Amino acid sequence: MASISLLRLSPIPTPKTLSKSHPFSSFNPPLTPFLKFPPKTRLSQKSTVTRMSYNPTPAIDRLVSAVSYTLPFFNSLQYGRFLFTKYPSLALLVDPLIPLLSLYRSIPYASFVAFFALYLGVVRNPSFSQYVRFNAMQAVTLDVLLVVPLLLTRILSPGRAGLGFKLMVWGHNALFLFSCFCFVYGLASSVLGKTPYLPFIAEAAGRQV
């Protein structure tokens with residue numbers, strides 16, 4: 001009976017009292033490492049955004065950009081006649097392009113027609129993307145620059161011997177090699193969907209687009 005009365009008289013500790021008196025009441029277990037990872041919904045949203053941001057260059061844009069660089073290359077072949085004469089094996093690299101070159105030259109005023117078609121039909125056409133217009137403008141700018149040395153040669157007429165003739169040969173060879181570099185670089189970049197930046201030309205072309 002005495003034990004029953006003691007149980008009735010002893011106060012029952014409340015949860016607040018237990019939290020203060022318990023020796024492990026101040027122990028807070030660390031968060032599990034699984035809570036540090038973002039929810040699955042965030043991961044799925046992130047992967048969706050990544051897939052949406054990856055937008056490769058369309059095939060039609062690559063094709064038009066690649067074809068644009070053939071205009072200045074075809075017009076620059078006349079500057080390579082000295083190299084072709086000195087190194088006949090170099091002309092073998094151009095042999096696969098002879099059918100296209102023959103068709104190009106069979107059209108009257110083909111150079112002027114192709115120039116205005118590229119400039120008015122592509123560069124100034126807002127239906128094409130910025131990528132296509134920039135590449136076409138680079139090709140047009142390079143084609144214009146290739147006409148200037150030809151005009152200077154006809155005006156100065158350096159002749160067929162002497163220092164003037166040697167300077168003309170060196171200039172023509174340098175222009176041909178530069179145009180070949182621009183053609184290969186622009187063609188490869190366009191096929192891969194990348195933007196080529198031709199030296200001395202990209203800045204001028206960017207201001208016109």
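The model examined here is predicted. In this model, residues 136-155 are 100% helix and 0% strand, with a separation of 30 Å between the end C-alpha atoms. The span 167-188 is likewise 100% helix and 0% strand, and its end C-alpha atoms are 32 Å apart.

The protein as a whole contains 12 helices and zero strands. Read from the N terminus, the order of elements is therefore α-α-α-α-α-α-α-α-α-α-α-α. Of the 209 residues in the protein, 27% are buried. Contacts between residues at least 6 apart in sequence were also sorted by separation: 72% of them join residues at least 24 apart.

Packing between helices can be described by two quantities, the angle between the axes and the distance between them. For helix α4 (residues 59-68) and helix α11 (residues 163-192), the angle is about 175° and the axes are 8 Å apart. Because angles over 145 degrees count as roughly antiparallel, α4 is roughly antiparallel to α11. On the α4 side, the contact is made by Arg 62, Ser 65 and Ala 66; on the α11 side, Leu 187, Ser 190, Val 191 and Leu 192 take part. By residue class, the contact of α4 with α11 comprises four nonpolar, two polar and one charged residue.

Ser 189 also lies in helix α11. Its relative accessibility is 9%, so Ser 189 counts as buried, the cut-off being under 20%. When neighbours within four places in sequence are left aside, Ser 189 is in contact with Tyr 131, Lys 194 and Pro 196.

Cysteine pairing was examined over the whole structure, and the search finds zero disulfides. Cys 180 is in no disulfide, and the nearest cysteine sulfur, in Cys 182, is 9.3 Å away. A disulfide is a covalent bond between the sulfur atoms of two cysteines. The sulfur of Cys 182 has its closest cysteine sulfur in Cys 180, and the distance of 9.3 Å is too far for a bond, given that a pair must lie within 2.5 Å to be counted as a disulfide. Cys 182 has a relative accessibility of 0% and therefore counts as buried.

Key. Residues are numbered from 1 along each chain as its sequence is written. This is a predicted model: local features need pLDDT of at least 70, side-chain atom pairs count only at pLDDT 80 or more; totals for chains, interfaces and linings use all residues. Side-chain values use heavy atoms; hydrogens and water are left out. Axes are lines fitted to C-alpha atoms, for helices over the stretch in contact, and angles run from 0 to 180 degrees between N-to-C directions. Helices (H or I, at least four residues) and strands (E, at least two) are DSSP runs, numbered from the N terminus. Angles under 35 degrees count as roughly parallel, over 145 as roughly antiparallel, 65 to 115 as roughly perpendicular and the rest as oblique. Contact means heavy atoms within 4.5 Å. Ala, Val, Leu, Ile, Met, Phe, Trp, Tyr, Cys and Pro count as nonpolar, Asp, Glu, Lys and Arg as charged, and the others, Gly among them, as polar. Buried means under 20% relative accessible area, exposed over 50%, partly exposed in between (1.4 Å probe, protein chains only).
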